[in-house]
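My entries are below the structure.

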Amino acid sequence: MRAPRAWRVAVLLTGTLLLPAGRAAADPSTFVYADAGEPSTIDPAKANVNFELTITRNVYDRLVDFDPSDPAHLLPALALLWTQDGDAWTFKLRQGVKFHDGQAFTSTDVKATLDRLLRIGQGQSYLVDDIASVTVIDPATIRITTRAPNVFLAGNLSRIEMSSADDINRHAQDADKGDAWFGEHANGTGPYSFVSWTRGSQIELRRNAGWWGAFPKGAFDRVIDRFVNDGATRARGLEGGEFDLANFVPRDDALRLGHSSGFHVIEGNNLWAWPAIYLNMHLAPTNNADFRDALVRAFDYGAMSQYFQTGNVIPRGPVPSWFPGSPEQQEPPITTDLAAAKDALAKSGEGGASMKCVIPSGFPEFSFAATVLQSSAARLGIKVSIEEAPFVQAITAIKQDHSNCFVLGNANLSPTDATKFFAAHYLKDGFYNSGRYDDPALDALVHRIPTIADQKERDGMLKAAFETVVQSHYIIWAARPTTVVPEPDRIAGYRIDPAEYINARFWEIHAAQ
Amino acid sequence: MTAFIARRLAWGVLLLLLVATLTFFLSRVVPADPAAFLAGQNTSAATVARIRAEYGLDRPLPVQFATYLGGLVRLDFGESLRTHRPVADDLVQFLPASLELLIVSFMIYVIASFWLAVAAARRPGGAVDTAIRLLTMLATGIPVFWLGMALQFVFFYRLHWLPLAGRFPLRDTPPPVHTGFLLADSLIAGSLDDVWKSLRCLAMPALTIVLNLLAVGTRLSRAALIAEFDRPYVRTARGKGLGPRAILYRHVLRNALSPVLTVTTMQFGYMLSWVILVEVIFGWPGIGLYAYQSFEVFDYAPVIALAIVSTAGFVLINLIMDLIYPLIDPRVRGLAT
Amino acid sequence: MSGTASSVTAHTTRLSSTGWPGRVLLIVAWIIAAALAVFALMPHLVAPYDPIFLDVVDRLRAPGLSHPFGTDEGGRDILSRVIYGTRYSLGVAVAIVIVAALIGILYGAAAGMSSRRTDDLLMRIVDLFFGIPALVLALALAAAIGRGLDTVVLSLAVVWWPGYARLVRGEVLRLRERPHVEAARALGVGTWSLLFRHILPFVVQPVNVRITTDIGYALIAVTALSFLGLGAESPTPEWGLLIRDSRPYFGSAWWYLVFPGVMVMVTATVCSIIGDGLAGSEASSRGA
């Protein structure tokens with residue numbers, strides 16, 4: 001008989017296929033990070049998305065660093081000393097630092113980097129867009145002049161990666177001025193050097209033994225940054241041991257995994273609001289302040305807390321209490337108050353109105369917040385329809401008045417400066433100011449904060465700005481959960497960056513002893 | 001014969017043109033602004049405008065279309081906004097992964113479905129036949145994406161037998177790239193170990209495709225075989241005293257080949273269409289995943305390119321089948337000229 | 001598309017010929033179909049809870065007495081969501097197939113009744129549409145006119161109608177030569193009334209069989225598109241979207257993934273079984 005024989009062969013083949021591969025599993029010195037996606041660019045002047053910063057952050061260094069457990073405390077990095085004198089900042093640079101290609105790092109690299117960043121105007125450039133000029137004093141000294149005095153400049157430079165003047169000059173004559181080269185190559189001074197980029201799969205980094213900083217014992221020699229777009233797959237791979245750490249693990253999985261055997265939980269504050277619901281100030285019915293007030297008061301904050309399970313607080317405004325100088329603790333809490341919401345709705349004269357929300361797709365928390373808004377508004381007799389769209393389409397919809405609301409997660413990349421956050425979210429022409437909130441007085445106030453040398457006075461101004469935004473009812477701050485990262489017990493050293501969603505400082509991560 | 005091929009090719013080109021036009025114009029009426037995506041978040045309006053001009057996105061649609069068609073002739077599919085690379089380069093990069101998956105699955109499928117169909121058709125109405133018919137009928141109801149996830153659950157999550165996703169084990173270095181086909185590259189590198197690793201990664205996505213195709217394919221091939229069994233010549237052969245095996249292998253199979261081939265061709269087109277799903281679920285870095293991820297961020301060029309490439313694949317397969325038919329079935333020969 | 005493929009089976013694979021297991025299966029299938037019809041038309045009578053309203057205290061509860069299929073991340077009852085989902089998933093699948101069938105019948109009949117040359121050209125155009133990759137077209141359409149179930153209907157109908165055009169044209173060509181049609185033509189009956197009075201009524205049955213089977217395939221296609229995020233939008237309880245939404249909770253709530261998936265499978269299989277049964281009775285009524 002032929003058939004049974006064929007069966008046997010087939011069974012045998014599949015059977016052997018299922019056996020684990022013969023060779024011993026992992027090289028102990030390789031660290032696999034499941035990242036949330038494939039970078040569009042690894043150009044430090046353009047990188048903007050969390051999973052692009054994974055590469056730039058580890059391959060390049062910054063002039064200053066900060067202490068993740070106390071962000072107001074700045075630490076030396078490529079610069080050892082810095083001083084402010086009015087609108088001029090002077091940085092003394094570290095000596096003997098080398099790029100991965102062997103070139104020495106000097107002040108001309110800083111100038112070339114900042115000039116290029118400001119010319120391109122993308123990436124993190126908004127953090128330093130008030131720089132007027134950069135002057136080389138000597139190879140180890142650089143002076144940066146701002147348009148107006150800016151106390152936050154050094155802190156904001158902790159987000160600006162330094163590339164080599166050599167690379168920049170070499171590609172200055174290219175038609176694209178080196179955009180393509182920097183987009184897929186990387187030559188920094190950082191703890192890890194760029195090895196290869198397998199399109200669609202992964203980027204490989206190698207530990208830079210000549211780095212100026214100190215690695216912990218058990219630091220990994222090789223890092224694989226694997227692109228895994230689906231959050232559930234990241235969670236499952238982490239659980240199954242395929243990955244050593246993962247970016248953005250869905251919260252339920254993160255909590256479950258973190259408390260399962262072989263894992264522990266790293267939890268910390270870094271989110272300013274997650275999610276925040278932006279209301280369109282120019283499209284009826286959300287252009288009515290009382291109507292917005294009604295939505296803010298009707299919103300079921302308890303549902304969001306339930307959703308996030310642990311470590312969630314209800315924000316009282318735009319700046320979290322743990323941020324240096326935040327006035328939040330002195331502000332009244334925002335709570336669900338249906339009676340007050342009904343009063344506000346009656347005052348607005350918009351009873352029975354309906355509104356549409358186009359929200360960014362891909363974040364379960366966002367669509368959940370929109371659903372909570374929908375069911376909360378239904379209690380007021382207001383109908384909310386929800387549509388999901390990719391980020392760019394969703395934010396365009398509200399900016400062009402095709403949508404009444406927008407949902408966003410808020411974090412602030414600057415460790416010390418709240419004004420850049422305000423500029424992006426609440427000031428005229430701010431990129432995330434999707435509902436186009438417009439208050440010239442607030443604009444003037446926020447722009448003045450960095451020029452004030454006295455910290456007390458600055459804190460008072462921040463408080464005034466905080467209250468202006470709250471009283472406009474422009475935003476529904478739905479929740480502020482802590483960030484939960486499940487770390488396998490075989491790994492140690494991961495720390496949550498208070499000024500980013502989720503970071504990966506590979507130079508701090510090591511095998512558990 | 002030449003005229004026939006020329007006519008077929010002309011229709012193929014027309015089809016490609018139709019698909020290119022359709023997808024191009026559909027994808028350009030999008031409300032969202034690709035320049036805004038390119039600029040990234042938190043950039044000024046001036047930067048967005050500069051980028052729009054750099055990429056020619058500010059030119060009128062017909063001009064953009066003409067430029068696009070002009071490029072197509074030179075196999076230039078434009079530039080991907082997401083990867084900042086020519087789409088043609090990306091396709092060359094990702095196509096082998098898709099082809100490897102498709103070819104391997106298809107080979108397994110053809111063998112398995114033929115074998116099952118023969119087993120069923122040998123005794124229509126028998127126990128084997130009934131079992132196969134009921135199973136395939138139930139299996140047609142399983143969605144591909146569900147099946148893929150279920151396999152992941154069982155073989156990775158529960159049993160830890162097979163890797164979760166991807167083409168090659170994460171921590172290992174794949175063989176040097178010559179062809180882009182990992183199996184071939186592993187062989188060139190002379191590493192059976194690498195062949196093995198590639199096969200293990202290939203197992204789940206291929207199984208998903210094969211099971212999905214088998215459900216429909218076996219039913220159809222079986223039907224074609226049984227239809228042949230009903231023909232008068234089989235009765236004649238039986239009358240001559242030929243045994244069932246001789247009838248099957250000497251007569252029925254030869255005659256049933258062309259309807260089975262038709263079914264198989266159709267299945268191949270079907271598979272091209274849904275390979276995106278399998279690639280998305282298994283993180284398989286092929287053109288389907290590439291186009292889908294680009295689509296997610298409003299990067300049109302790869303989506304159009306995928307449409308054109310898979311249509312071209314479909315045309316090509318059909319053309320090859322048209323050429324094969326006359327060889328295996330003399331009855332068609334007259335029609336083809 | 002697999003749609004064409006099913007017509008090959010219609011004449012040869014008959015469930016009714018598998019004896020009593022087949023007949024039992026057929027009866028069960030009809031009962032499930034009736035239940036699905038009730039779900040789609042009157043979900044509020046059957047579903048124990050509201051499918052949209054949140055009850056976060058009860059989030060991600062495992063199946064139990066009060067929630068037989070468990071709850072989702074918003075504490076919504078999955079049984080209720082799945083029941084309400086019938087209207088969206090199955091409804092859209094039916095819409096696609098009916099739109100495709102209507103276009104296909106008109107087109108196929110026109111081709112079948114016209115001259116050889118026109119027929120040839122018309123069928124060449126049909127061949128063109130066969131080559132369009134469905135999923136990619138859906139991607140492009142979703143990019144252009146936005147995501148949503150209407151986009152799904154449009155893109156799937158575009159790739160589905162050629163199958164009907166081919167089927168109907170074939171039937172029309174066959175019926176044209178039938179004695180009663182020949183007789184009517186000899187009596188001077190015009191082309192259109194010939195078509196509507198003497199030909200199309202006989203096309204209805206094979207088309208019916210095809211529609212029933214295709215609904216299952218269309219359902220799978222619809223849920224696949226929703227799964228990829230091209231179709232229904234949250235919080236619509238569409239089955240494919242439920243499966244998509246369930247992915248982040250895969251490790252913690254298996255029921256969230258399983259039950260919507262089971263609904264898709266059961267419904268698609270029921271369509272396939274009933275289609276098969278209809279094919280059987282059609283063939284016997286033809287005396288084939």
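**Conventions.** I worked from a predicted model, in which local features need pLDDT of at least 70 and side-chain atom pairs count only at pLDDT 80 or more, while totals for chains, interfaces and linings use all residues. Residues are numbered from 1 along each chain as its sequence is written, and chains are lettered from A and ligands numbered from 1 in the order in which they are written.

**Chain C, overall.** I found eleven helices and zero strands in chain C; helices are DSSP runs of H or I with at least four residues, strands are runs of E with at least two, and both are numbered from the N terminus. The C-alpha atoms of chain C fill a box of roughly 75 × 50 × 30 Å along the principal axes. Of the 288 residues in chain C, 57% are buried. A residue is buried if 20 or more other C-beta atoms lie within 10 Å of its own, exposed if 12 or fewer, and partly exposed in between, with C-beta atoms placed from the backbone. I also looked at contacts between residues at least 6 apart in sequence: in chain C, 71% of them join residues at least 24 apart. Two residues are in contact if their C-beta atoms, placed from the backbone, lie within 7 Å.

**Chain C, a helix pair.** At what angle do α5(C) and α7(C) pack? I read about 145° for α5 (residues 116-130) and α7 (residues 149-176), with the axes 8 Å apart. The axes are lines fitted to C-alpha atoms over the stretch in contact, and angles run from 0 to 180 degrees between N-to-C directions. On the α5(C) side I noted Met123(C), Val126(C), Phe129(C) and Phe130(C); α7(C) brings Val159(C), Pro162(C), Ala165(C), Arg166(C) and Arg169(C). This contact has seven nonpolar, no polar and two charged residues. Ala, Val, Leu, Ile, Met, Phe, Trp, Tyr, Cys and Pro count as nonpolar, Asp, Glu, Lys and Arg as charged, and the others, Gly among them, as polar.

**Chain B against its partners.** Toward chain A, the contact takes 44 residues from chain B and 38 from chain A. Here the largest share of the chain B side, six residues, comes from α9(B). The classes on this side are 24 nonpolar, 13 polar and seven charged.

**Chain A, helix α7.** Why is α7(A) largely enclosed by the rest of the structure? Nine of the nine residues of α7(A), residues 231-239, are buried, so the helix is largely enclosed. Among them I noted Arg234(A), Arg236(A) and Glu239(A). The buried residues pack against β1, β11, α8 and β20 of chain A together with α7 of chain B. Gly241(A) follows α7(A) and has a positive phi, near 85°.

**Core.** Last, I checked the largest nonpolar core, which has 335 residues; such a core is a set of buried Ala, Val, Leu, Ile, Met, Phe, Trp, Tyr and Cys residues joined through C-beta atoms within 7 Å. Ile277(A), Val303(B) and Ala218(C) touch the most other members. Leaving aside neighbours within four places in sequence, Ala218(C) is in contact with Ala93(C), Ile96(C), Val97(C), Leu156(C) and Trp160(C).
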